Amino acid sequence: MSQVPPFAIISGRQVHDVLHGREREVTELIESAYRLHGEGETTNPDSYFLRFPDRPRDRIIALPASVRGKVGVHGLKWISSFPENVAAGIPRASAVLVLNDFETGYPIACLEASIISAARTAASAASAAVRLSAARGVTPRRLGVVGAGVIARYTHRYLRANGLRFESVGVHDLSAEHAAGFGDHLRRCDEQVVTHDRLDGLLAESDLVLFTTVAGEPHVSDPALFGHAPLVLHLSLRDLDPDVILDAWNVVDDVEHVMKAGTSVHLTEQRVGHRDFVAGTLCDVLTGGIVPPADRPVVFSPFGLGVLDLVLAKHVYDQVGADDALVCVPDFFHDVQRYG
């Protein structure tokens, strides 16, 4: 007979200790999650957006998912994005993730998940950068970062951990203070940093472009800015005008999921009435099903799949458990006898 499992709390410090310094291992885990998703071993419903009429920039998103196979877990990530937090000195994003036991459905853990979310996003971007660059036969040497925040910091670390080295890193942010702060961080990583006041200057000098902004609608509209065929990691999803998308070779994480919520590819679909401008998914790239061109801009637009969070969270849970460091809440499930 099944027993009610214990319920654990896993702190951000514990999550950090499991993941930090193991960026290549995390990237391999995320690639395995993409493959499981491509093989039909996951269930990944639509994300649900809680929005606020009086604060249109703020949102809280629920990402339910289930992963079968050797991972064997269900769960939900609940992540908020409140951009004005940055001005108050706290991070824009905060999150928790609940893991559910595969057999009973009982919640077994609540994890601090902003680190998990940032790590899986960065690992996804690093995988795309390495795999797409290899398939194109082009090694990027000049990184351009648009949006100098936490996701940019994580992604730079994961790009480096996965073997990419840059002759220069350009930085552009609407806030000169944020651009300077991120530039100082990059210099501590021994990068040669160039701060750009104008976005077009950064784009012209970059063969790998990373968008990590909080833009709510497209602000880059001229396809000629990408005429030198860079690889674009469009993590913030809403920076590029449909004209830019239509001129590029596009790859996403999941075609159905990314075509919503006003993403650039969603706006493009609404304009042209079809999805033929999307070549395929990152899983297709990993399996060799599609090959990106070297003579066109290549844009990776990942909506973010809950299954990625679950695979990484389950890894953290298993590692903390193996270290006998799970902090379980006594009597969390109290009234468990059917008839008292």
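How many bridges join strand 3 to strand 4? In this predicted model, five bridges connect strand 3 (residues 48–52) with strand 4 (residues 55–67), and the two strands run antiparallel. Together, strand 3 and strand 4 form a hairpin, with two residues between them. Within this pairing, arginine 51 is placed opposite arginine 59 of strand 4.

Helix 1 was examined next. This helix spans residues 12–19, and its buried residues are Gly12, Gln14, Val15, Val18 and Leu19. Viewed down the helix axis, these buried residues fall within an arc of 160 degrees, so they line one face of helix 1. In an α-helix there are 3.6 residues a turn, so residues three or four places apart point the same way. Just after helix 1, glycine 21 adopts a positive phi of about 85 degrees.

The axes of the two helices lie 10 Å apart, at an angle of about 95 degrees. Because angles of 65 to 115 degrees count as roughly perpendicular, helix 1 and helix 11 are assigned to that class. Helix 1 contributes Gln14, Val15, Val18 and Leu19 to the contact, and helix 11 contributes Leu312, His315, Val316, Gln319 and Val320. The residues of this contact comprise six nonpolar and three polar residues, with no charged residue.

Note on methods
Residues numbered from 1 in each chain as written. Predicted model: local features only at pLDDT ≥ 70, side-chain atom pairs only at ≥ 80, totals over all residues. Heavy atoms only, no water. Buried < 20%, exposed > 50% of the residue type's maximum accessible area, 1.4 Å probe, protein only. Helix = DSSP H or I, 4+ residues; strand = E, 2+ residues; numbered from the N terminus. Arc of directions from axis to C-beta. Axes fitted to C-alpha atoms, helices over the stretch in contact; angles between N-to-C directions. Parallel < 35°, antiparallel > 145°, perpendicular 65-115°, else oblique. Contact = heavy atoms within 4.5 Å. Nonpolar A, V, L, I, M, F, W, Y, C, P; charged D, E, K, R; others polar. Pairing = 2+ DSSP bridges.
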